[in-house]
Every structure is written in C-alpha cells, then in structure tokens.
Amino acid sequence: MTDRTNHLNPLVGPTNGLEPPDGLKIRVLVAKPGLDGHDRGAKVVARALRDAGMEVIYTGIRQTPEMIAEAALQEDVNVVGLSILSGAHKTLCPRVVELLRKQGLDDVLVVVGGIIPDEDLPFMHGLGIQGVFGPGTSTQDIIRFIREHAPRVAA
Amino acid sequence: MELLDRLLAGERRALARAISCVEDQGPEARALLAGLYPHTGRAHVIGVTGAPGTGKSSLVNALARAYRAQGLTVGIIAVDPTSPFSGGALLGDRVRMRDLAGDQGTFIRSMATRGSLGGLAHTTGEVVLALDAAGFERILIETVGVGQAEVDIASAAHTTVVVEAPGLGDEIQAIKAGVLEIADLFAVNKADREGADHTVMALKMMQGLGPSMGHHGVSAGSGKPGHQPGEQPDGTWLPPITKTVAIHGEGVPALRDWIEEHAAYLERSGLRGRWELARARTELEHILRDRLMATLLARQPAGQLPDEILEAVAGRRLDPYTAAERLLAGREPSEPVR
C-alpha cells in the first residue's frame with residue numbers, strides 16, 4: 001500500500017495545504033434537481049468547495065431525485081448539496097432525503113442552496129436539513145458548515 | 001469479511017464503500033484487497049485517453065450504452081485532476097453520462113488523482129479490482145486527459161483507446177509520441193466536424209512511418225497502403241482508426257466491435273497472459289517496495305528516517321548510498337563516516 005502521506009509532503013509532488021488532519025477527503029455531490037437551468041450559483045459553490053480541498057462531484061442540471069440518490073450511493077459521498085432556485089424545494093427535498101434513507105445513506109449531510117423563503121426553514125429543519133444557504137451566503141460559511149457537520153467515516 | 005461478502009453478493013452500497021476503502025488506503029484496505037483478489041481477472045479493462053476537448057466522457061457514455069445493448073455489464077471510472085494547491089478536485093465527467101442513470105447494469109465512480117501524475121490515481125488499479133470482483137464484465141477507465149504524459153493507462157488497461165478530434169491543433173499535434181504509442185485503437189471523435197478526414201490521414205501516415213512499439217511491446221504493423229487494420233499476418237496488431245460522433249452514438253458500435261476483436265486477439269496470441277504476468281510483477285514489486293519501506297521505517301526510533309542521517313547527507317558529511325546501507329544493516333545512525 002502506498003504510504004498515503006506521501007502526497008502531503010510539500011517537497012514531494014503536489015501540495016495539499018488544506019488537507020484535513022486525518023487525511024480524509026470530504027466528498028460532496030453538487031446537484032440541481034428539477035427543471036431549473038440556472039447553474040452559475042451551483043458552479044460557484046462547487047469551485048469554492050474544490051478550493052477548500054474537497055472532492056466535488058458535479059452532476060449538472062435536470063437531475064431527478066432518483067439520479068441524485070443513485071450518484072450519492074455510487075460516489076459514496078459525505079455530503080449532498082442541492083441547488084434549487086425554482087421554488088420546488090418542498091417537493092424535491094423530501095424526495096431526495098427519502099431516497100437517500102432508503103439506500104442506507106442516512107448519515108449523509110444534506111445541504112441546500114438557492115431560494116428558500118424564511119417561512120420554509122422549519123420545514124427544511126424538519127427534514128433534517130440544517131444547512132440552508134440563501135442568496136448572499138458566503139462560500140466560506142458553506143465550507144465551514146460542511147467541515148463541521150460532514151460525517152467523517154474512515155472507509 | 002462482511003463488506004467483502006456483501007460486495008460479492010451484488011450489493012451496490014458495499015461496492016461503493018469498498019471503493020472508498022481502497023481509495024483511502026486505510027487499515028482495512030489490505031485485507032479487503034486480499035479478499036477481492038481471487039474474484040478478479042474476468043473483466044476486460046478498456047482505457048480511454050486523449051487530450052481535453054476530444055469528447056472522452058461522451059465516448060465513454062456511448063461505449064457503455066453500446067455494451068449495455070449487448071447485455072454486458074459496465075463499470076466506469078472517470079478520473080479528474082486534484083488541484084496541487086488546494087488538494088480538492090472538481091469531478092465533472094458524470095455530467096456527460098446521464099443516459100446511464102437508473103441502469104443497474106452500470107456503475108460509475110469518479111476519482112480524483114490525489115497527487116498522481118500519470119493520468120490516473122494511484123489506486124485506480126485497485127478500484128478496478130473492486131469492480132471486477134463485483135462482476136462487471138467491461139470496465140471503462142477515462143483518464144485525466146492531458147494528452148502526452150498519460151502512460152499509466154497502458155498498464156492499467158488491456159485495451160487502450162486514444163481519442164482524437166479534428167481542429168485541436170495541426171496534424172503534428174496529433175502525432176506526438178507517447179500517447180500515440182500506447183494506442184491499441186484510435187477514435188477520431190467529433191467526426192462530423194471539418195478536418196476529421198485529415199486527422200484520420202495524419203494517423204494513417206504516422207502508422208506508415210514504420211514499425212513502432214505498440215502497447216503490448218510488440219512491433220505494430222507498418223501500416224503500408226493495403227494493410228487492413230487489426231491482426232496482421234505476422235501476428236502483430238495494427239491499431240484501427242474509427243470515426244465516431246459520440247453524442248449521436250455514430251461509429252460507436254464499430255469501435256466497440258474493434259475493442260472486442262482486440263480482446264480476442266490478446267487471448268489467442270497469448271499476449272493477455274503475458275500482460276497479466278507483467279502486471280503481477282509490477283504489482284508485487286510496488287507492494288513489496290512499500291512494505292519493505294514501512295518495515296524499515298518502523299524500526300527507526302521516531303518511525304521515520306533519523307534527522308541525524310538526513311542532516312549528515314544534506315551537509316555532505318555522509319553520502320545517501322552509505323546512509324541507505326547503514327539503515328538497511330540496522331546500524332546506529334550516529335556512527336561516524338569511515
């Protein structure tokens with residue numbers, strides 16, 4: 001087995017300055033469910049998470065909840081990030097959470113970005129979604145939240 | 001081992017967790033790989049490499065569909081680069097593979113290179129083992145795709161497809177050494193664009209420039225006019241050149257059929273057996289190197305190379321060759337240079 005700290009040595013090969021102490025990568029699925037095609041925000045967040053040292057699987061637009069859950073399973077992600085600007089969050093989020101649970105992915109952290117009215121926050125919290133990031137949220141806040149709440153399970 | 005049993009029973013979540021285990025190279029990984037190994041060796045592994053913009057992801061997607069149409073199960077590993085500055089990665093190849101969503105006969109996993117520079121991640125070969133043991137009959141590996149330095153794929157795949165596309169630079173670009181020498185097949189993708197025929201001609205001309213070392217160490221055919229691609233009378237393999245338009249699926253069944261023909265050729269020529277033997281040697285040497293190093297380091301007081309030795313070498317008071325001999329012999333690091 002290759003010594004996995006090799007690539008952490010700054011003098012040997014590429015540096016990983018933001019490597020978490022245990023060396024485990026945080027894998028994040030970034031997906032846009034539903035029919036909403038505005039993905040610039042999702043891409044901005046995806047790049048910010050990459051720059052924070054995370055491995056981001058970007059699935060693109062027009063994802064069904066089934067596609068999202070399937071990708072989350074195959075990619076063994078720690079976090080699923082949903083970008084929803086269409087207002088359909090009260091339909092899409094429960095469906096995604098349900099499918100993740102059905103596949104045994106109970107401990108995956110689900111976060112949502114986009115347009116979520118304040119009055120819908122209790123609904124989101126009720127689904128177990130604590131991380132809701134509306135317009136104007138700084139990417140640093142999202143990064144900090146994920147670092148604090150993502151499950152860190154050694155494979 | 002519970003995870004192993006569930007993987008072998010076909011549980012996809014177990015496969016996904018097993019892949020993470022081997023990728024993270026944690027303490028459980030070695031036992032898992034030892035358990036997987038007897039169940040491997042059945043899948044045919046196909047590498048897809050080429051410069052950025054040639055449409056590798058779309059071609060992998062189309063090839064997977066073509067295999068599925070024949071009832072074969074397909075595992076896909078899509079590799080993208082890890083940023084050397086942040087250690088993070090943006091893995092976007094799945095975007096091109098939405099056709100395969102919902103298909104239980106397909107499994108797609110994205111991998112970041114995590115510091116490896118040859119086009120694949122260090123553990124891509126081990127992830128192949130997991131997919132192989134899980135029963136996927138064809139495993140497609142899409143490399144990072146920087147174009148020239150991507151030689152890892154040649155030792156990870158039985159059949160390597162090099163993807164070209166018209167209009168990405170002049171013909172000389174298309175025939176730079178390294179990537180072209182590892183090709184068992186060429187796909188000229190985006191063949192509906194202008195210049196596709198020129199790209200095909202450039203590749204044929206390159207083949208006609210004389211025998212070269214092919215992927216499996218055998219001289220490729222000389223590509224003289226009139227030579228049909230594929231197996232030559234002398235038993236060598238002349239890489240066929242297939243035009244494709246991956247997003248429309250055009251030319252892809254033909255490419256698939258050539259891959260299958262190459263697989264059959266590897267079997268009947270005995271090259272497949274030689275490849276496996278060579279790979280077994282490389283694998284074992286690699287693992288031995290790591291284990292021997294780990295054993296030696298474990299013998300050191302701090303579990304790492306002693307600072308006194310490093311300082312002596314850096315200060316030219318000790319040469320690294322003598323230092324190594326000392327460490328291997330288990331001598332005290334502070335012994336003065338004779």
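I153(B) belongs to helix α6 of chain B, residues 152-156, where helices (H or I, at least four residues) and strands (E, at least two) are DSSP runs numbered from the N terminus. This is a predicted model, in which local features need pLDDT of at least 70, side-chain atom pairs count only at pLDDT 80 or more, and totals for chains, interfaces and linings use all residues. Residues are numbered from 1 along each chain as its sequence is written, while chains are lettered from A and ligands numbered from 1 in the order in which they are written.

Because I153(B) has 27 C-beta neighbours inside 10 Å, I153(B) counts as buried; the term buried requires 20 or more other C-beta atoms within 10 Å of a residue's own, exposed means 12 or fewer, and partly exposed lies in between, with C-beta atoms placed from the backbone. Apart from neighbours within four places in sequence, the contacts of I153(B) include G47(B), T49(B), I141(B) and T160(B), a contact being a pair of residues whose C-beta atoms, placed from the backbone, lie within 7 Å. The C-alpha atom of I153(B) is separated by 15 Å from that of R138(B), 15 residues apart along the chain.

Chain B contains an open sheet of seven strands in the order β4-β2-β5-β1-β6-β7-β10, with parallel pairing; two strands pair if DSSP finds at least two bridges between them. The edges are held by β4 (106-112) and β10 (241-243) of chain B, each with a single partner strand, so one side of each has no neighbour in the sheet. From one strand to the next the twist averages 20°. Within this sheet, β2 (residues 74-80) and β5 (residues 138-142) of chain B run parallel and are joined by five bridges, and A78(B) stands opposite E142(B) in β5(B).

Two helices pack on this sheet. α4(B) touches β1, β2, β4, β5, β6 and β7 of chain B, and its direction makes about 175° with that of β5(B), whereas α9(B) touches β1, β6, β7 and β10 of chain B and makes about 175° with the direction of β7(B). The axes of α4(B), residues 56-69, and α9(B), residues 252-269, come within 9 Å and cross at roughly 75°; axes are lines fitted to C-alpha atoms, for helices over the stretch in contact, and angles run from 0 to 180 degrees between N-to-C directions. The two helices α4(B) and α9(B) are therefore roughly perpendicular to each other, a description that applies from 65 to 115 degrees. Their contact is made by A62(B), L63(B), A66(B) and Y67(B) of α4(B) with V252(B), P253(B), L255(B) and R256(B) of α9(B).

G330(B), which follows α12(B), has a positive phi near 75°.

In chain A, all six residues of strand β3 (residues 79-84) are buried. V79(A), G81(A) and S83(A) point one way from β3(A), and V80(A), L82(A) and I84(A) point the other way. On the β1(A) side, four bridges in the parallel sense link β1(A), residues 27-33, to β3(A), while six parallel bridges link β3(A) to β4(A), residues 109-114.

The two chains meet through 39 residues of chain A and 36 residues of chain B. The largest share of the chain A side, seven residues, comes from α2(A). Across the boundary, β2(A) pairs in the parallel sense with β3(B), residues 89-91, over three bridges, and I57(A) has L91(B) as its bridge partner.

Note on methods. Parallel < 35°, antiparallel > 145°, perpendicular 65-115°, else oblique.
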